[in-house]
Amino acid sequence: MPSAQVPAASAAPPAGAHPTAVLAAIAAGAAATVGLWWADTPSITGFGNWLTNAGRITGLLAGYAVVVLVALMARIPPLERGVGADRLARWHSMGGRYTVSLVVAHGLLIIWGYAVTAHTDVISQTSTLLLSYPDVLMASVAGLLLVGVGAVSARAARRRMRYETWYHLHLYTYLAVALAFSHQFATGAEFMNDRPARVAWSAMYATVAAAIVWYRFATPVRQALRHRVRVEQVVPEAPGVVSVVLAGRHLDELRAEAGQFLRVRFLTRDLWWSSNPYSLSAPVQPTRMRITVKDLGGHSGALARLRRGSRVVTEGPYGAMTASRRRRRKVLLIAGGIGITPLRALLQTLPAGPGEITLLYRAGSERDVVFREELDALARHRGARVHILAGSRRQLRYDPLSSAALIANIPRLREHSVYVCGPDGMTAAVTAALRGAGVPRRHIHTETFEF
Ligand SMILES: Cc1cc2nc3c(=O)[nH]c(=O)nc-3n(C[C@H](O)[C@H](O)[C@H](O)COP(=O)(O)OP(=O)(O)OC[C@H]3O[C@@H](n4cnc5c(N)ncnc54)[C@H](O)[C@@H]3O)c2cc1C
């Protein structure tokens, strides 16, 4: 796939939602949710009633938050393009912790509040609630499921678990949402006598459910039928790294931008069950696209053995580390290891004149460098500066990505838009070094290869 011949995607990609606007919309929804409680609560008297009302608010907010969590992961294109899959995953994980806390607080406050009001103890109040109130038992199972999903997602537990195990356990969230839904109308005072509130709440759940079905299930099937993607070639690039060239129809209609990634499912006997994210390592052509993959486990390792003609289902494109983020004329691309893939595509397509793009590419050793010839050709073709920095810091005798080294080697560093992709540790260190060198946070754009 010679780089100089590859045209950029034909149509301009649709705009994404701005992260601040998305957060504002989420906050407005939370305020409206509290407004439901407010409208239904003329006065609060007594300690038991205070506790019960705190329980109602936390329950309502939990019911709202869980829908937001699911929506963030529904792969809604404006969110994926505007906010970025990695930031959405971070919001989802942080929001998950709040949601589980709200669910637990709701249960405890309601039991305590009812117990105080009824002058009974919390044990007998718990059994009364579980056995006599409609749908509370089902909602309690839902709450326990959410707490369980939260526990397996805690960093310590997650690290010890295979990605697939964690992912499949995570799907119990959908069951929890379904189980808890009727409880909200059966016992939620805000909804029992307020039809418009019930309709609005149901519409919110139905919209998110429709988004999940559409974007996570129907769209991949539609894309598969339209594009009929197959493996065309597997090209060794370096030890443990291969490029997979994919052939298909009308691929330009995907409107994928350099810097974005696809979720790729290879329909072979071993791999059909898993859809993994891989960045486009070259701009998409109408009948070809390419990913480049380092062997880091079962899925990525198996790609070297793919046969020509194997069928492929792609989802996406996703990701927000694209040319539209750029705010400065000068661009610095910083790649670490296999993080070169999206930056290689950006190097080719970013609109820029001679001398405006610099690529710094850190690799463990000379052997690990991929795309060396392509990078040289692109540097010549685009008038870009490409610096390959291979070897450990000890071998190099300095840290080429420290603030001091960046300031010394990149003239007018502060005037650059910077794109960073590499291992999470490196990305964090480089971001700190750039901040230390005076590059504003809003001019640093990163993509993580770990969700
Ligand atoms: C946005 C993005 C872009 C990426 N682009 C590239 C690329 O261009 N080239 C490349 O070599 N690698 C890329 N990766 C990393 C690649 O997805 C993982 O290395 C690969 O999925 C590992 O799967 P495995 O079965 O080989 O290894 P495993 O040992 O199963 O997993 C290793 C780690 O990879 C991650 N992972 C595994 N499966 C998935 C999945 N289905 N979805 C999300 N993360 C998963 C998990 O963090 C896991 O801990 C990218 C990752 C992301 C999130």
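Phe-47, Trp-50, Trp-112, Val-122 and Ile-123 together make a nonpolar surface patch of about 590 Å². Patches are built from residues with over 30% relative accessible area and no salt bridge, where nonpolar side chains (Val, Leu, Ile, Met, Phe, Trp, Tyr) are joined within 5 Å and like charges within 9 Å. Accessible areas come from the Shrake-Rupley method with a 1.4 Å probe, and for residues only the protein chains shown count as cover. Before going on, please keep in mind that this is a predicted model, in which local features need pLDDT of at least 70 and side-chain atom pairs count only at pLDDT 80 or more, while totals for chains, interfaces and linings use all residues. Residues are numbered from 1 along each chain as its sequence is written, and side-chain values use heavy atoms, with hydrogens and water left out.

Helix H2 (47-72) and helix H5 (122-132) each give at least two residues to the nonpolar patch. Helices (H or I, at least four residues) and strands (E, at least two) are DSSP runs, numbered from the N terminus. Trp-112 belongs to helix H4 (residues 85-118). With 42% relative accessibility, Trp-112 counts as partly exposed; the scale runs from buried (under 20% relative accessible area) to exposed (over 50%), with partly exposed in between (1.4 Å probe, protein chains only).

## Around the ligand

Now to the ligand. It is surrounded by 21 residues, and the closest are Asn-276, Pro-277, Lys-294, Ser-300 and Thr-341. A residue is near a molecule or strand if one of its heavy atoms lies within 4 Å of it. By type, the shell around the ligand divides into nine nonpolar, 10 polar and two charged residues. Here Ala, Val, Leu, Ile, Met, Phe, Trp, Tyr, Cys and Pro count as nonpolar, Asp, Glu, Lys and Arg as charged, and the others, Gly among them, as polar.

A side-chain N or O atom of Asn-276 is 2.8 Å from an oxygen atom of the ligand. For Pro-277, a backbone N or O atom lies 2.7 Å from a ligand oxygen atom, and for Ser-275, a backbone N or O atom lies 3.1 Å from a ligand nitrogen atom. The ligand taken alone exposes 880 Å², of which the protein buries 86%. Strand S4 (276-279), strand S5 (288-294) and helix H12 (298-302) are the elements that give two or more residues to the shell around the ligand. S4 provides the largest share of that shell, four residues.

## Salt bridges

The structure holds 12 salt bridges, a salt bridge being a side-chain nitrogen of Lys or Arg within 4 Å of a carboxyl oxygen of Asp or Glu. In one of them, the side chains of Glu-315 and Arg-75 meet at 2.8 Å, N to O. Glu-315 lies in strand S6 and Arg-75 in the loop between H2 and helix H3 (77-82), so this pair ties together parts that are 240 residues apart in sequence. Glu-315 is buried, with a relative accessible area of 8%, and Arg-75 is buried too, at 10%.

Glu-374 has two such partners to look at. The side chains of Glu-374 and Arg-290 meet in a salt bridge at 2.8 Å, N to O. Because Glu-374 lies in helix H14 (residues 372-382) and Arg-290 in strand S5, the pair ties together parts that are 84 residues apart in sequence. Arg-344 and Glu-374 also meet through their side chains in a salt bridge, at 2.6 Å, N to O. This pair links distant parts of the chain, with Arg-344 in helix H13 (residues 340-349) and Glu-374 in helix H14, 30 residues apart. Arg-344 counts as buried at 0% relative accessibility, and Glu-374 is buried with a relative accessible area of 16%. Salt bridges that share partners join Arg-290, Arg-344 and Glu-374 into one network.

## Backbone details

The peptide bond from Gly-316 to Pro-317 is cis, with omega near 15°. Pro-317 is found in strand S6 (residues 311-318).

Although Arg-228 is not a glycine, it has a positive phi of about 45°. Arg-228 lies in the loop between H11 and strand S1 (229-238) and is partly exposed, with a relative accessible area of 49%. Arg-397 is another non-glycine residue with a positive phi, near 65°. Arg-397 sits in the loop between helix H15 (393-396) and helix H16 (403-409) and is exposed, with a relative accessible area of 76%.

How values were computed
Polar contact = N/O pair within 3.5 Å; in protein donor to acceptor, adjacent residues only side chain to side chain.
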